Amino acid sequence: MHVSHLSLADFRSYARAEVALDPGVTAFVGPNGQGKTNLVEAIGYLATLGSHRVSSDAPLVRMGADRAVIRAAVTQGERSQLVELELNPGRANRARINRSSQVRPRDVLGIVRTVLFAPEDLALVKGDPGERRRFLDELVTARSPRMAAVRSDYERVLKQRNTLLKSAAMARRHGGRSMDLSTLDVWDQHLARAGAELLAQRLDLIATLLPLADKAYEQLAPGGGPLGLAYRSSAGEAVDSGAARTREAVYEVLLDALSQVRKQEIERGVTLVGPHRDDVLLRLGEMPAKGYASHGESWSYALALRLASYELLRSEGAEPVLVLDDVFAELDARRRERLAELVAPGEQVLVTAAVEDDVPGVLVGARFGVSGGEVTRL
């Protein structure tokens, strides 16, 4: 799989941009703040319906514009598709495939698949649990685009359940009449059903990803492992230990866990059990990576997770586009060369760098200069 053409309108710093791309390595080179990352961010958005830099769409729309458009021609084998997303902050986004009638934005998932390396990846190791949950869920959705609907259902049910709990908590605090919470049982079932589907996918992903991540870490930092990935569920040991791995078993565990914490949830006005409260414990050797791994080890760990993601997606279907956003400047010479050698054979590798010297020599291919909102092939 590769992107053969990228077209932007009012996206980030670009009023208009048209970039023809080839398979193999392409590097976007230019001073910081000139728009290099904006280009690869747009491709990443097509793959995930989100940005690796911001949590909302508003910053993606150029100042003064009311919408942004990302359009890409994607080639996979003998097949080509044109995919388009229109970003409308505050309103529903719109999507088209092959210029046909509009489809739901999530229907474009799977047409473009990316694995993105960026400085923000350090948060996978050093950051909050939400960073690791997002990593898992984006990869789950890349493997199975239908999971976008499951995630959306879970978030919708969680929001409605939290609204009910918050109202009950406020009524309790202000001495009002007790609310009728009979509908909470129904919301519990909906939450547990969607949550079990997401949890089962996460658990399967971790089991599949671990040997790939361990291998990648050994390639980046020989002798530095082994790695460990352990799921930590808010539903308790039955999930963590693997005793409940099927969807039905996880569903029952979640229902039971929700019943156990209902009193606390009503007091606090928030859902305390579910995939939104879970984490992944990353281990390096015998110690937790967070708080114990050095800066270099943390970088290698994060890169190993991304390389493992790439190998997993490649083994299950079309090879994803590899994006390395200002990564090489963060690495020492040894890790830089090892990473470059590992990614160089990719079908399409997109690199951003402030200066040409930051692009390892093994990554031979097209070069674009990016400056002042202009993208010029060198």
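Over the ring of which residue does the charged end of R193 sit? In this predicted model, the charged end of R193 lies over the ring of Y251, at 3.7 Å from the centre of that ring.

**Helix α7**
- Helix α7 runs over residues 247-260, and its 14 residues reach 20 Å from the first C-alpha to the last, which is close to the 20 Å expected at 1.5 Å a residue.

**Aromatic pairs**
- Aromatic pairs in the structure number 2.

**The largest cavity**
- The count of cavities of 30 Å³ or more comes to 1, and the volume of the largest cavity is about 70 Å³.
- The lining of this largest cavity is made by R132, F135, L136, L209, L229, V280, L282 and L305.
- Two elements, α3 (129-143) and β9 (279-284), each contribute at least two residues to the lining of the largest cavity, and the largest share of that lining, 3 residues, is supplied by α3.

Key: Residues numbered from 1 in each chain as written. Predicted model: local features only at pLDDT ≥ 70, side-chain atom pairs only at ≥ 80, totals over all residues. Heavy atoms only, no water. Helix = DSSP H or I, 4+ residues; strand = E, 2+ residues; numbered from the N terminus. Expected span 1.5 Å × (residues − 1). Phe/Tyr/Trp six-rings, centres within 6.5 Å; stacked < 30°, edge-to-face > 60°. Lys NZ or Arg CZ within 6 Å of the ring centre and 35° of its normal. 1 Å grid on protein atoms, 1.4 Å probe; cavity = no way out; pocket = protein on both sides within 12 Å on 5 of 7 lines; lining within 4 Å. Points joined across faces, edges and corners; volume = space filled by probe spheres on them.
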